[in-house]
Amino acid sequence: MDPLLLRGMTQPRTRRDVFRLAGLSAAGLALAACGVQGQKQAPPKPDAVKDFWSKQKKNGKVVFANWPEYMPPDQAPLKKFQQATGISYEYKEVIQENAEFFGKSEPVLRAGQSLGYDIVVMTNGVQLQKMIQLGYVVPLDHSQLPNFAANAGEKYKQRSYDPGNQYTVPYTSGITGIAYNTDHVKEDITSIKALFDPKYKGRIGMMSDAQEIGNFGMFALGIDPEKSTQADWEKAGELLKKQRDDGLVRKYYDQSYIDAVSKGDVWVTMAWSGDVFQRQLAGEPVKFVVPEEGGTIWTDNMLIPKGAANPVDALMLMDYLYQPAVAAELEEYIQFISPVPAVKDILQQKAATLKGEDKETLETMVGSPLIFPSEADYAKLRSYRTLTTAEEQIFNRVFQSITQA
Amino acid sequence: MRRRLTPYLLALPSWLWLAAFLVVPLAAMASVSTQTGNVVDGFAQTFSFGNYADALGRYSTQLVRSLLYGGAATLAMLAIGYPVAYWIAFRGGSRKSMYLFLLLLPFFVSFVLRTIAWGFLLADDGILFGTLKGWGLLSPDFHVLATSFAVIAGLTYNWLPFMILPIYVGLERVDPRVIEAAYDLYATRFTVFRRVVLPLSLPGVFAGVLMTFVPAVADPINAQILGGTNNTMIGNIIQVEYLTNNNYPTASALSFTLMAVLLVGIFAYARALGTENVLEAAAR
C-alpha cells in the first residue's frame, strides 16, 4: 500500500477536520439535492399500453387500499371473489384523505418505488389529476373489464376528469350536502342558508377541504362552481370569512364531523351522504339533505398505481365488483351512490323477500333520491371545479386562509 | 496511535447516524426551502429567499400563536409539575417508583388516541359537561372543545410527564444534609425552599422546560383535534403546506423559521437563567 495513503488514512483527525468533512459532505448533498425533478408525462401511446398488458400475468394475489367503511366488516364480496378466482386478497383501510394520501405517496412514486398496493381509491379532484399527469397511474386494459362495459351506468362512463375511463373506474359516488342533529334542530332544513343562520351560532360545522368548502361558499352565492372564476372564489371567500368572523362556525372538520354532529357538538354541518345514512341505521339522531341551492357530487375511483405488483389480478377484482349482484351487496353496506344502475332492481327484489324492519330499511334505501338520484336530482348537483396547477395555488390560498387561520 | 483513534472509532456510529438522519435531511430541507416550482412541473433551485418572507408574511399569526400556546402550556406544566415532582421526591418514600410508574402509565397509549379520548371527555354533551348541564350547573351553550383553552389544556396534559421527570431528578439530587443545615441556621420553611431547594433544582426545571416547550410549540395534533376556528398552530400549517398543497419550499422555509425562532428563544432563556452553557445545564 502506498505509504502516503496509509498515513492519510491512519493519521488522527482533529475535531475541526471532522467538522470540515461533515460540512463538505452536507454541501455536496445540498448541491445534489438541487431541484426536485418534475415528472410530467405525455399520455401513453395505445401500443405501449397494449404492450404493457400483454406482458402481465395473473399472480394469484391482490392488495386493495381503500377508505374506511367502504367494505362490509365481514368482507363478503372479497371472500366470494377469492372463491371464484382463486386470487387471495389483502384489504387495507389506509386512505383517510386524498391530499394526505397523495402527499405521502408522491415521494415514493417519484422515486420509482411501489406503494405496495394494487388498487387504490381516490376521489376526482386535484390529487387524482396530479397522479394522472405525473404518470403514476397505469392505463387500464378495457378488454379485461367486460362487466364494467356491460353494467356501469352511462354517467359513470363519461366523466370529464378521465374521459373514456382510460385510468380509472368508479367505486362509488356520493353527495356533499348538509347533515343536522334532530335532537337540537327542530325545523326541516332545506336551504344552504342554515349554515349561515345566526340562530345556530357556534353550532355550525364546515369542511376544511378547500374544494368542499369552496363549493358551498359558491352555492350560497348562486355561483356554479364548475364554471367559476377567480373573482367568484374571492367572493365566496369573503362570505365564508364573514361566517367565521361572526362566530358562526365552530370548527373546520375532516372526517370527524360525523361524530361531532351525532354527539351534538355541532347541530348543522356540511356532510357526506353515506356517512349520515350509516349513522341513521345505527339509530343516531341525524338527517341529511341536499340544499335546494345545490350540492356537490363526487366519485371515488379505483386505479392501479404505477409499480403495482399484481395489475392483472387488480383488473379482475375491479371487474368483479361490477357484477350487479356484487355491486348490490356492496351498496347495501356503503349507502353512497353505486355506479351500477341494475343495483336498484336487485335491492327491490331483495326487499320483496324480506319482512319487518329489514324490509323497511331496504325499501327506504331504494326509494331514496340520495342513493338512486333521478335526472332531476342530478341536475342540482355540481362537481368540483377542475383546476390547473396554477389555479389550484390561488384557489387553495383563498379558502385555506379561512380554514387554517 | 490506536489508542488515540479509539474514541473517534467509538463515536463513529453516532456520527454516521447523525450525518445520515440529521445532517442530510436538514441540508436537503435547506435546499428545498429556496426552490421554486410546483409538484407537477418539478421544483428548481432558484435561491429564492423570498420564500421565507412570503411564508412569514402569510403565517406570522399562526407562528406567534404557537409560541403563545406553547409558552402558556409550559407555564401550566411548570405550575402543575413542580409540586408533583416535589411531592414524589420528598414525600414519596418507598413508593416513589410506583408513583413514577403511575405517572407514565397513560403514555403506554398512543398520543393521538389520548387526545381523541380528551375530545370525548370534553364533548359538549359528553360524560362531564353533559352531566353538569343536566344538573343545571352549566348553561347549555357552555363548551370547552374548539377553544384555545382546550388546545392549551391538551398540550399541557400530553407533555406533562416530560416536565415532571427532569424536575424530579433535579430534586432527588438535592442533598438532605444541605436542607438540614439551612434549618440549623434558622431558615424558615419558605426560605429553605426559596434559597436552597429551588436554586438546586433549576437545572431540572431548565431541562423540563426545554423538553416540553419545543415539542409543544410544534405540535399539530392538539390543535387539530381539540381546537376550533382561529386555533391553527404552525405545525398544522406546515402539514397542510406539505401534504395538501405539496408546496415543499414553503413548508421547508416555515420549518427552518420555527427552528431558528426556537433556538434563539432557548439561548435567550439560558442567558436569562444565568446558565453559562445550555448543553452543560441540560446534561447535569
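Predicted model: local features only at pLDDT ≥ 70, side-chain atom pairs only at ≥ 80, totals over all residues.

Reader: What does the C-alpha trace of chain B span along its principal axes?

Author: About 80 × 75 × 35 Å. Chain B has 284 residues, and 34% of them are buried.

Reader: Let's look at some helices. At what angle do the axes of α2(B) and α6(B) cross?

Author: Helix α2 of chain B (residues 50-91) and helix α6 of chain B (residues 148-172) have axes that cross at roughly 40° and come within 6 Å. An angle under 35 degrees would count as roughly parallel, so these two helices are oblique to each other instead. Their crossing is right-handed.

Reader: Which classes do the residues of that contact between α2(B) and α6(B) divide into?

Author: There are 23 nonpolar residues, three polar ones and one charged one in the contact of α2(B) with α6(B).

Reader: Now α6(B) and α8(B): how do their axes cross?

Author: Here the angle is roughly 160°, and the axes come within 7 Å; α8 of chain B covers residues 189-218. That angle is why α6(B) is roughly antiparallel to α8(B). The crossing of α6(B) and α8(B) is right-handed.

Reader: Which residues meet there, between α6(B) and α8(B)?

Author: From α6(B), the residues include B:Trp159, B:Phe162, B:Met163 and B:Pro166. Among those they meet in α8(B) are B:Pro203, B:Gly204, B:Gly208 and B:Met211. By class, this contact of α6(B) with α8(B) has 14 nonpolar and five polar residues, with no charged ones.

Reader: What does the domain assignment of chain A give?

Author: Two domains are listed: domain 1 takes in 46-173 + 298-357, while domain 2 takes in 174-296 + 379-403. Taken over C-alpha atoms, the centres of these two domains of chain A are 27 Å apart. Domain 1 of chain A brings 15 residues to the contact and domain 2 of chain A brings 14 residues. On the domain 1 side, six are nonpolar, seven polar and two charged.

Reader: How do contacts in chain A divide by distance along the sequence?

Author: Counting contacts between residues at least 6 apart in sequence, 78% in chain A join residues at least 24 apart. For chain B, the corresponding value is 68%.

Reader: One last topic, backbone angles. What is the phi of A:Gln75?

Author: A:Gln75 has a positive phi of about 55°, although it is not a glycine. Most residues other than glycine have a negative phi. You'll find A:Gln75 in the loop between β2 (61-66) and α4 (76-85) of chain A.

Reader: Why does A:Gln75 count as partly exposed?

Author: Because A:Gln75 has 14 other C-beta atoms within 10 Å, and partly exposed lies between 12 or fewer for exposed and 20 or more for buried.

Reader: And where is B:Asn230 found?

Author: B:Asn230 is in the loop between α9 (221-226) and α10 (234-244) of chain B. Its phi is positive too, near 60°. B:Asn230 counts as partly exposed because it has 17 C-beta neighbours inside 10 Å.

Methods: Residues numbered from 1 in each chain as written. Chains lettered and ligands numbered in written order. Axes fitted to C-alpha atoms, helices over the stretch in contact; angles between N-to-C directions. Helix = DSSP H or I, 4+ residues; strand = E, 2+ residues; numbered from the N terminus. Parallel < 35°, antiparallel > 145°, perpendicular 65-115°, else oblique. Left-handed = near helix turned anticlockwise from the far one by under 90°. Nonpolar A, V, L, I, M, F, W, Y, C, P; charged D, E, K, R; others polar. Contact = placed C-beta atoms within 7 Å. Domains from an automatic or database assignment.
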